Amino acid sequence: MSSLIEAENIHKTYQLGRHVIPVLAGAALRVVAGQTVSIVGLSGAGKSTLLHVLGGLDQPDQGRVMVEDRDLYRLSARQRALVRALKIGFVFQSYHLFPEMDVLENVMLPCMAAPQSWTAARQNRERARDLLAAVGLDGRMNHTPLELSGGEQQRVAIARALMNDPALILADEPTGNLDDETGRQVLDYLFQLVRDGRHTLIIVTHHEKVAAACDQCYRLGGGKLVPASA
Amino acid sequence: MTPFSLFLALKYLRPKRSFVSVVTLISVVGVLLGVAILVIVLSVMNGFDDMWRTKILSFKPHLIISGAQGAVENLDEVYAAVDRIPGITGVAGCIETRVLMRGNGLITAPVVIAVDESRAGRVSRIPDSMVEGKFDLADNGVVVGIDLAQQLGLHVGSHVLVYSPLNVVRQDELYLPVDLEVTGIYNMGMRDFDGMFILTSLDIGRELVGMRSGATSVYVITKDAFQFPGFSAKVREALGRDYLIRNWTEVDSLMFEALKTEKTMMFLLLAVITVVAIFCVMNTLIVITVQKTHEIGLLKALGFSPGKIMAAFIWHGWIQCLIGMAAGIGVGLLVLHNLQNIVDALNTMNIRVFPKEIYGLSEMPWRISAREIFKIAGFVMVFCTAASFLPAYRAARLDPVEALRHE
C-alpha cells in the first residue's frame, strides 16, 4: 500500500546562542492514507517541530519528507506553499484565527491562497457554510473569533483546515486549551472525518487515551520516533 | 471578487482590538497635509505666474523687431510686410530709452516709450487703462503711470522737463530738455509699469535720442501671445535677415526663469515634507508586520505564497497613501476655493499674508493645474511603493515556524 506521507531520517537542530540543540535525530515515519497516527512525548521532545517538518513549514537539516511521492523540500517555496494549501490542513493548539475576519472568512482563508474565479468563490462560500454547519457553528458565521468560546474557535479552526479538502490533517495538541468535554467533542469530530474515508490524521497529543485510540501511536524521545507499545 | 492581498489589507485597516488604526490614521493625516500643502502652494505660484504673464502681456509687445545693424529706418516697409501676416493685430514703431525727468521740482529717471501715435492703440492696452485725462500723445503730450504721477505730484495739464540721455553720452554737445504736457494718467495695477514708464510720441522720442527718422524697434501684437514661435517665424520670413526678432519670453526671460526656479525649489522643499509623511506610512507598516507576525506565520502555514503576503502589505501602504493623497487634494482644493476668505480672516487677526500695497492685487491669485496634480499623485505613489516595499518584504521573508511561535 503506498504511503500518503513518509519521513526518512529527519534531523533537526536549533541554534540558541552558542549552543546547538538537537531536536530530531533520525526520526522516521510512514503513514498510509486513511490512518490515524498519534505522536506522544515529553514537553520539548520536538513533537511540534516534527509536525512542522511534516507539514513543509520547517526544513530539516537532513532527511526527506515525501508527500504523495513528492519530496517536499525539493520543491520551490511557491510549490511547497501550494502543497500546503491543497494537501495539508493544520489544526493548532491555540486556534490561530484572524480577529479582523468573521468566522466565515476565517474558514474560507485556505481557498484564497490560490487564484479563484467568481464561480469558484461562490462555491467555496457554500462549502465554508456547510463545514461550519457540520461543526455546529452555522449560527455563528458572522461573529468574530473573539465572540466565540475556546471550543467554538477550535471547531472553526478545524473547519478551516478542511476547507480545501486536504488528504492530510496535522493537529498539534488540538484539545490542549479545551475542557475535557469540549476536547472530546473536537476529537470525536476529527476521528469521524478519518472514518469517513477522505482524510488522514496525524495528531500530537499528551493524552494517552487519545493516543491509544489511533491506528498507530509513536513516542518521540531522543529525537527518534518509536512505536509507543515498544 | 477582491484579490486576497487587497482583502487582507482592507481587514488590517479596520482592526478589531488593536490601536493600529490610530497609527494608520496619523500616517494618512501626514500624507494628507503634505499633499494639501503641495497643491496649495503650487496653485498659488501658478496664480502669481499667470498674473505676471497677464500684466506683462498687457503692457509689453509680443514680438520686438529691431534692425540687425541698430535702428529700423524704413518703418513703412516693415509695417506693410508685417501687417499682411494673418493673426498680427498691431504693429508700431517705438523708441525706448531711459531719461531724466523733472516735475514740480522733483527729479526721477523713468523709461520713455515713444510710440507711433497713430498706431499706439493697437500695440498697448494703456489707452484702455486711463484713470485721468486721455491717451493723447500729440503736441508734446505725455502719458504717465499713476505711481509716477503721485511721486511727482502730476495731474493732467502738469508740465515736465525730460532730459535726453545724450547729455551724458555726448558731453561735447548740449541737448536742451523737452517740455512735455501731461495729457493722461494710466493705471495698469502693477507698480513697475505704473511707476517707471512714460509714453510720448515717436517724434519726441527721436528728438531725445538724436534720430532723424525711423525707430529703435517695432512692437508687434499678435492675436495669441502664446503662439509666439509661429508668429516669430512668419515675421522673420516676411522681413528677411536684416532684422532681429525677439519674443516676450526672451525680453523678460530672467523674470520667467526666476519664477520657474522658485516654483521648482518650492516643489522640492515641500516634497520633502511629503516624503517625511510617507516615512510615517513605512513606520505604520513596520508596526503592523510586527503585530501580525503570528498571523503571517499562519498564512504561510495555510499555503499563502510570500508574494501574496508581500502584496497585502504593499496594498496596505498604497491604501493609506491613496486615502491621504485623495483627501490631501480635496483639502487643497477646498482651501484654494476659500483662499480669499482665509486671507481675510487672517487679516482681521492682524496677520497680513498678502498686503495689497505690495502685490497691487485685491485677491490672492491661484490656478489649479491638472498636470501638476497628476505629478504630485505620481510622486506620492512612487515614494509610497518604495516605503511599503521594505516592511512588506520583511513580512514575506518571515520564517513561518518562528512567526507561529511569536507572542
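Modeller: We will look at a disulfide and then at a pair of helices.

Modeller: This is a predicted model, in which local features need pLDDT of at least 70 and side-chain atom pairs count only at pLDDT 80 or more, while totals for chains, interfaces and linings use all residues. Residues are numbered from 1 along each chain as its sequence is written, chains are lettered from A and ligands numbered from 1 in the order in which they are written, and side-chain values use heavy atoms, with hydrogens and water left out.

Colleague: Which residues form a disulfide?

Modeller: In general, a disulfide is a covalent bond between the sulfur atoms of two cysteines. Here a disulfide is taken to be a pair of cysteine sulfur atoms within 2.5 Å, and B:C321 and B:C384 form one with their sulfur atoms 2.3 Å apart. The torsion about their S-S bond is about 95 degrees, so this disulfide is right-handed.

Colleague: Are B:C321 and B:C384 buried or exposed?

Modeller: Buried means under 20% relative accessible area, exposed over 50%, and partly exposed in between, with a 1.4 Å probe and protein chains only; both B:C321 and B:C384 are buried. By contrast, B:C280 is in no disulfide, the nearest cysteine sulfur, that of B:C321, being 10 Å away, and B:C280 counts as partly exposed at 30% relative accessibility.

Colleague: At what angle do the axes of helix α1 and helix α13 of chain B cross?

Modeller: Helices are DSSP runs (H or I, at least four residues), numbered from the N terminus, and axes are lines fitted to C-alpha atoms over the stretch in contact (heavy atoms within 4.5 Å), with angles from 0 to 180 degrees between N-to-C directions. The axes of α1 (residues 4-13) and α13 (residues 306-337) of chain B come within 8 Å and cross at roughly 55 degrees.

How values were computed
Helices (H or I, at least four residues) and strands (E, at least two) are DSSP runs, numbered from the N terminus.
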